[in-house]
Amino acid sequence: MSVAQEHIHGHGDIEAHHEEHQKIKMFGFWLFVSTDMILFACLFATYLVLRNHTDGGPTPQQIFDVPGFTEETFLLLTSSFTGGLATLASRNGKKNQVVGWLIVTILLGLGFVGLELKEFLADIHMGATAQRSGFLSAFYTLVATHGCHVSMGILWLSATAYQVYKRGINAVTARKIFIVNLYWHFLDVVWVLIFTVVYLSGVTLP
Amino acid sequence: MMAFIHHFTKTYLMWNEGPMIWTSDVLILLTSIGILAALTYFKKWKWLWTEWLTTVDHKKIGIMYLIAALLMMFRGGTDAELLRTQLIQPGMKLLTAEHYDQIFTTHGTIMILFMAMPFIFALFNIAVPLQIGARDVAYPYLNAISLWLFFFAAMLFNISFVFGGSPDAGWVSYPPLSELGFDPGVGENYYLLALQITGIGSIATGINFIVTILKMRAPGMTLMRMPLFTWATLSASIIIIFAFPALTVALALLLLDRTIGTHFFTIAHGGDPMMFINLFWIWGHPEVYIVILPSFGVFSEVVATFAKKRIFGYTSMVVSLMLIVIISFFVWGHHFFTMGTGANVNAFFAFATMLIAIPTGVKVFNWLFTMYRGRIRLALPMLWTIAFVPTFAIGGATGVMLAVAPADYQYHNSYFLIAHFHQVLIGGTVFGLIAGMYYWWPKMFGFKLDERLGRWAFWFFNIGFYICFMPQYALGLMGMQRRMFTYPANMGWNTLNLISTIGAYLMGIGFLFIVLQIAYSIRYGERDLTGDPWDGRTLEWSLPSPAPHYNFAVIPTVESRDAWWEMKKQNRTDEWKVKEDEIEPILMPKSSGRPFMFGVAFFVFGFGMVFHWFIIALVGILVVFGILAHRAFEYDDEYVIPVDEIKHVEVGLGRL
């Protein structure tokens with residue numbers, strides 16, 4: 001408990017003010033997520049405009065690796081589920097479960113990022129670099145922006161897990177668990193769109 | 001060694017470019033030394049750091065935004081005077097084509113992003129928490145971060161002039177011109193990085209004010225009891241959070257093209273330059289509504305106060321604001337009817353553009369009906385408001401002319417367009433911002449700005465405005481294109497250009513009168529001892545000027561629209577007086593030096609990226625992450641003001 005909280009301990013109004021604070025922070029985060037959604041929308045639009053601009057270079061069919069992106073999808077969707085289990089555990093006040101599920105989520109996230117890097121390196125190895133064509137510039141930027149978000153999320157999940165481990169579950173850490181998971185689920189939604197708009201249509205549509 | 005110095009002065013300090021750069025170097029050096037010396041001599045360093053640079057108080061943040069906005073108005077205005085002087089007669093040799101390109105680029109960019117944006121944020125910060133009965137914004141720490149991101153982005157943009165070279169591809173920075181192949185210098189990088197950094201701050205401000213307004217209103221203040229400036233802030237903030245991410249993407253992709261050689265907007269290898277133009281204006285057109293809606297909010301407050309009447313058609317004002325928010329996202333295509341997307345696309349954007357004139361018209365009529373049979377006092381805020389009406393009406397009408405897609409092929413990128421958007425941006429936004437500055441100045445500083453000098457400023461600026469821009473409509477119709485750095489003598493444009501330049505000088509004199517007015521009023525301005533110098537209507541006028549740092553010792557309960565006015569009318573103002581037994585300890589956010597350091601770190605990152613000195617950029621971004629992490633582990637960011645201290649302050653203010 002902070003100095004400020006101790007000072008006013010037992011004061012109903014300011015306790016309520018603190019509870020309200022957590023709600024206010026959650027609302028702001030929803031708004032942030034909506035701005036991030038617009039950011040991805042613009043990247044998707046750019047990708048769709050440039051997707052056929054291959055300039056005689058590699059096409060989607062040539063570089064997209066079906067088993068590879070299926071595995072990535074499997075890992076990320078599972079991690080969203082385990083993240084949800086962490087939120088559930090925090091509602092039930094089970095500190096160790098929260099930390100445990102957050103660690104599982106982090107590991108699955110690391111697996112996803114690792115597979116994505118492997119995919120990129122393989123593509124680059126066969127000459128499909130971001131500098132090759134408009135299509136590849138848009139592809140790498142969209143997917144890597146998501147990948148950077150996931151990497152940020154992993155750092156953030158780790159910081160949250162550490163704080164829960166240190167401080168247990170209280171109004172503040174419960175809010176942090178909720179928000180980081182909100183972010184994580186959002187990245188899942190973006191990935192589902194990448195999976196369909198980029199990868200699935202890439203290997204099926206001409 | 002000599003070779004190195006020679007290379008450095010030539011490449012980075014640009015000393016081969018002549019006396020203008022030398023003069024700027026000397027002036028910047030002298031100003032910096034002057035500021036540092038003054039701070040040291042008057043022993044103000046500690047005061048500067050504890051009271052200002054580390055503050056998270058929305059009132060002080062608002063004041064810093066305002067100071068920065070006025071400084072940037074000076075910079076952008078100087079650019080404008082140079083441009084107009086170059087065009088005063090055919091074949092002028094004041095500026096070369098390259099310098100002219102740089103100066104119109106910095107003029108536009110600074111006026112929109114580093115003058116209008118901080119100016120609206122200044123008014124948001126100064127007025128909104130006080131108007132809704134809050135003690136600060138929802139996220140005071142984030143608010144300070146927004147300020148310093150803006151401030152250091154503005155610094156980054158401005159040093160380009162004397163270090164490495166200014167951007168020169170226009171404030172819209174269209175590729176392929178702005179691509180590396182055609183624009184190899186660092187100027188364009190400065191533009192991309194500075195806008196990116198300030199854009200992050202703007203998004204944060206948008207989120208901050210939406211949450212503040214929706215979640216932190218005093219008891220009893222329902223949405224439909226909110227002051228219209230607060231509504232305007234809410235509307236502008238909604239546009240900010242949905243428009244700015246498009247700018248973020250446009251800038252980031254162009255930066256990738258220039259830095260690592262991708263092909264988003266190049267001509268070769270499958271790039272598509274028009275994609276940048278679309279993304280830019282998906283942000284860019286909503287952006288003009290971002291800067292005009294707060295001015296609309298100011299006019300609503302000013303008209304009601306100085307006509308001593310309830311605003312006419314409050315509900316229709318709110319509905320109009322929200323309609324503008326929505327439609328503003330469907331008009332971007334009118335910036336490039338000539339792109340060749342076909343008649344149907346153009347028809348859609350032309351129709352949406354004409355449609356958005358309707359809610360705007362509703363607002364203008366409401367202001368006029370509010371004035372009708374009101375007891376009008378022509379104080380400075382009201383003067384600028386009245387001047388706004390005809391100016392904006394003409395600007396709006398020429399806007400509808402430009403919205404007619406087939407006719408636009410004639411007007412496109414001519415001086416007709418230049419005259420139009422200056423008329424709405426100056427006649428609408430700037431007039432509103434200046435009116436807002438006069439209106440809330442006593443609340444910020446505790447004194448009024450001098451009326452007499454203010455009137456001189458008003459008339460110089462207004463008459464100058466018409467003399468400057470009316471001829472430009474004609475010049476546009478006569479075929480003069482924007483961005484021409486000179487013109488031949490036989491085009492028939494000479495007299496009109498001369499007149500236009502004289503108008504620009506008069507506007508410059510008007511601005512100097514505002515500076516003089518501020519300097520004079522600090523010493524001699526009428527002190528505001530009541531806290532309610534204009535006989536105001538909304539909550540901020542129930543507080544002393546300037547307000548104590550916790551704003552409201554006891555949060556008032558609101559019973560109606562124009563709550564303070566109603567209390568005055570019913571002789572119930574005593575009910576809002578602070579009573580000793582009602583005072584409770586107040587929780588306030590702690591000051592922090594990190595938002596300032598966050599801005600510094602982003603500056604270092606941006607600077608490294610501009611010159612492709614990636615080690616420097618890496619250091620900057622690592623500090624950014626360090627500060628983020630530090631914040632994530634911070635639990636103790638508030639402190640309590642005890643009851644005794646509040647009583648002490650209130651007694652000192654004569655309110656207890």
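A:Lys176 sits in helix H7 of chain A, a helix that covers residues 171-204. A:Lys176 counts as buried because 21 other C-beta atoms lie within 10 Å, where 20 or more are needed.

**Around A:Lys176**

- Once its neighbours within four places in sequence are set aside, A:Lys176 has contacts with A:Thr160 and A:Gln163.
- A:Thr141 is 35 residues away from A:Lys176 along the chain, and 29 Å separate the C-alpha atoms of the two.

**Chain A as a whole**

- Chain A contains 7 helices and 0 strands, so its order of elements from the N terminus reads α-α-α-α-α-α-α.
- The C-alpha trace of chain A extends over about 70 × 30 × 25 Å along its principal axes.
- Chain A has 206 residues, and 36% of them count as buried.
- Take the contacts in chain A between residues at least 6 apart in sequence: 83% of these join residues at least 24 apart.

**Confidence in chain A**

- Chain A has a mean pLDDT of 91, with 91% of its residues at 70 or more.
- Residues 1-11 of chain A have a pLDDT below 50, and in the model this stretch makes 13 contacts beyond near neighbours in sequence.
- Where pLDDT is low, the predicted coordinates should not be read in detail.

**Where chain A meets chain B**

- Chain A brings 36 residues to the contact, and chain B brings 37 residues.
- On the chain B side, at least two residues each come from helix H7 (187-215), helix H8 (228-260), helix H9 (273-307), helix H19 (614-632) and strand E2 (638-641).
- H8(B) is the element that gives the most to this side of chain B, supplying 9 residues.
- Sorted by class, the side of chain B that touches chain A holds 25 nonpolar, 7 polar and 5 charged residues.

**Nonpolar cores**

- The largest nonpolar core is made of 234 residues, and B:Leu156, B:Ala246 and B:Ala250 have the most contacts inside it.
- B:Ala250 touches B:Phe276, B:Leu279, B:Phe280 and B:Trp283, when residues up to four places away in sequence are not counted.
- There is also a second, separate core of 5 residues, with B:Phe552, B:Ala553, B:Ile586 and B:Leu587 among them.

**H5 against H9 in chain B**

- Helix H5 of chain B (residues 97-131) packs with H9(B) at an angle of about 35 degrees, and the two axes are 10 Å apart.
- The crossing of H5(B) past H9(B) is left-handed.
- H5(B) contributes B:Ile112, B:Ala116, B:Met117, B:Ile120, B:Leu123 and B:Phe124, which meet B:Glu287, B:Val291, B:Pro294 and B:Val298 of H9(B).
- By class, this helix pair has 9 nonpolar, no polar and 1 charged residues in its contact.

**Cis peptide bonds in chain B**

- B:Pro175 and B:Pro176 are joined by a cis peptide bond with omega near 5 degrees.
- B:Pro176 belongs to the loop between helix H6 (140-159) and H7 of chain B.
- The bond between B:Ser545 and B:Pro546 is also cis, and here omega is about -15 degrees.
- B:Pro546 is found in the loop between helix H16 (494-524) and helix H17 (563-569) of chain B.

- B:Lys308 is not a glycine, yet its phi is positive at about 50 degrees.
- The loop between H9 and helix H10 (314-327) of chain B is where B:Lys308 lies.
- B:Lys308 is partly exposed, as 13 other C-beta atoms lie within 10 Å.
- B:His612, likewise a residue other than glycine, has a positive phi near 55 degrees.
- B:His612 is placed in the loop between helix H18 (594-610) and H19 of chain B.
- B:His612 counts as exposed because 12 other C-beta atoms lie within 10 Å, and the exposed class takes in residues with 12 or fewer.

Technical notes
Residues are numbered from 1 along each chain as its sequence is written. Chains are lettered from A and ligands numbered from 1 in the order in which they are written. This is a predicted model: local features need pLDDT of at least 70, side-chain atom pairs count only at pLDDT 80 or more; totals for chains, interfaces and linings use all residues. Helices (H or I, at least four residues) and strands (E, at least two) are DSSP runs, numbered from the N terminus. Two residues are in contact if their C-beta atoms, placed from the backbone, lie within 7 Å. Ala, Val, Leu, Ile, Met, Phe, Trp, Tyr, Cys and Pro count as nonpolar, Asp, Glu, Lys and Arg as charged, and the others, Gly among them, as polar. pLDDT is the predictor's confidence in each residue, from 0 to 100. A nonpolar core is a set of buried Ala, Val, Leu, Ile, Met, Phe, Trp, Tyr and Cys residues joined through C-beta atoms within 7 Å. Axes are lines fitted to C-alpha atoms, for helices over the stretch in contact, and angles run from 0 to 180 degrees between N-to-C directions. A crossing is left-handed if the near helix is turned anticlockwise from the far one by less than a right angle, and right-handed if clockwise.
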